[in-house]
Amino acid sequence: MEKLNTMMLADDLALSQDKILSGEQNFDAEAVYKIIDGLGVLNNPIKDYFDMTEEQYYETESDHKLALLNMSGKLTDLHDRILTNHVDGYVDKDEINLTYNHEDPYEDDLYNPAVDYHVLTYSLKVIGAVQSIAAKDLQEVLSKDAVLSLGLATYALAQNA
């Protein structure tokens, strides 16, 4: 059921994008947090990371894909995001490869919620596709920094709603 929930949420978010970004429809951050926690990739619930510094995360869990530049700063102030953008490989041979891009929703120090929304919806679509056919393999290959980015994007979207 969790597998379908990820794909359904990604589809719902994609369909609601214009209304959510314009403020006509509420953004359900709690639903996204539940999906993130359900992935079982991070060591703690996603909300535990919002009070953590970049250094705390770097030293305990990061897989070093994020550009952590202000080690004393809170993770919620981080401008870098990791977009999960592609999957390939062979499920039957336990070879799943995910590729990632860096995104910055704060270009020129102005927050652009559409960038975070894209990180969230596109990543969830890719993750949901893998989860539907190889959930256990997904937990082993999915970047912790990419999953954290989903939480940070969700947090920023909820704060700016």
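A charge patch joins like charges within 9 Å, taken from residues with over 30% relative accessible area and no salt bridge. In this predicted model, one such patch is negative and lies on the surface, where Asp104, Glu107, Asp108 and Asp109 gather.

Asp108 lies in the loop between β2 and α4. The loop that holds Asp109 runs between β2 (95-103) and α4 (113-141). Asp108 has a relative accessibility of 66% and therefore counts as exposed. Asp109, at 64%, is exposed as well, because the limit for that class is over 50%. The backbone of this loop also deserves a look. Asp108 is not a glycine, yet its phi is positive, at about 60 degrees. Asp109 is likewise a residue other than glycine with a positive phi, near 60 degrees.

Charged side chains make another set of contacts. Side chains of opposite charge can pair when their charged atoms come close. The criterion used here is a side-chain nitrogen of Lys or Arg within 4 Å of a carboxyl oxygen of Asp or Glu. The model has four salt bridges by that criterion. Three of them are described below.

Lys74 belongs to the loop between α3 (54-60) and β1, and Asp51 to the loop between α2 and α3, so the pair ties together parts 23 residues apart in sequence. Lys74 has a relative accessibility of 35% and so counts as partly exposed. Asp51 is exposed, its relative accessible area being 60%.

Another salt bridge is formed by the side chains of Lys144 and Glu61, at 3.3 Å from N to O. Here the partners are located in helix α5, for Lys144, and in the loop between α3 and β1, for Glu61, so the pair ties together parts that are 83 residues apart in sequence. Glu61 counts as buried, at 8% relative accessibility.

Which residue forms a salt bridge with Asp116? The partner is Arg81, and the closest N and O atoms of the two are 2.8 Å apart. Asp116 is part of helix α4 and Arg81 of strand β1, so this pair ties together parts that are 35 residues apart in sequence. Are the two partners buried or exposed? Asp116 has a relative accessibility of 0% and counts as buried. Arg81, at 1%, counts as buried too, because that class covers values under 20%.

Strand β1, residues 81-90, also contains Asp88. At 39% relative accessibility, Asp88 counts as partly exposed. The C-alpha atoms of Asp88 and Asp37 lie 24 Å apart in space, and the two residues are 51 apart in sequence.

Two further residues give other examples of distance along the chain and in space. Tyr57 is placed in helix α3. With a relative accessible area of 0%, Tyr57 is buried. Between Tyr57 and Asp145 there are 88 residues of separation in sequence, while their C-alpha atoms are 9.6 Å apart in space.

Leu42 has its place in the loop between α2 and α3. Leu42 is buried, with a relative accessible area of 14%, because that value is under 20%. Leu42 and Leu69 are 27 residues apart along the chain, and 21 Å separates their C-alpha atoms.

Terms used. Residues are numbered from 1 along each chain as its sequence is written. This is a predicted model: local features need pLDDT of at least 70, side-chain atom pairs count only at pLDDT 80 or more; totals for chains, interfaces and linings use all residues. Side-chain values use heavy atoms; hydrogens and water are left out. Patches are made of residues with over 30% relative accessible area and no salt bridge: like charges are joined within 9 Å, nonpolar side chains (Val, Leu, Ile, Met, Phe, Trp, Tyr) within 5 Å. Accessible areas come from the Shrake-Rupley method with a 1.4 Å probe; for residues, only the protein chains shown count as cover. Lys and Arg count as positive and Asp and Glu as negative; His and the chain ends are not counted. The place of a charge is taken as NZ of Lys, CZ of Arg, CG of Asp or CD of Glu. Helices (H or I, at least four residues) and strands (E, at least two) are DSSP runs, numbered from the N terminus. Buried means under 20% relative accessible area, exposed over 50%, partly exposed in between (1.4 Å probe, protein chains only).
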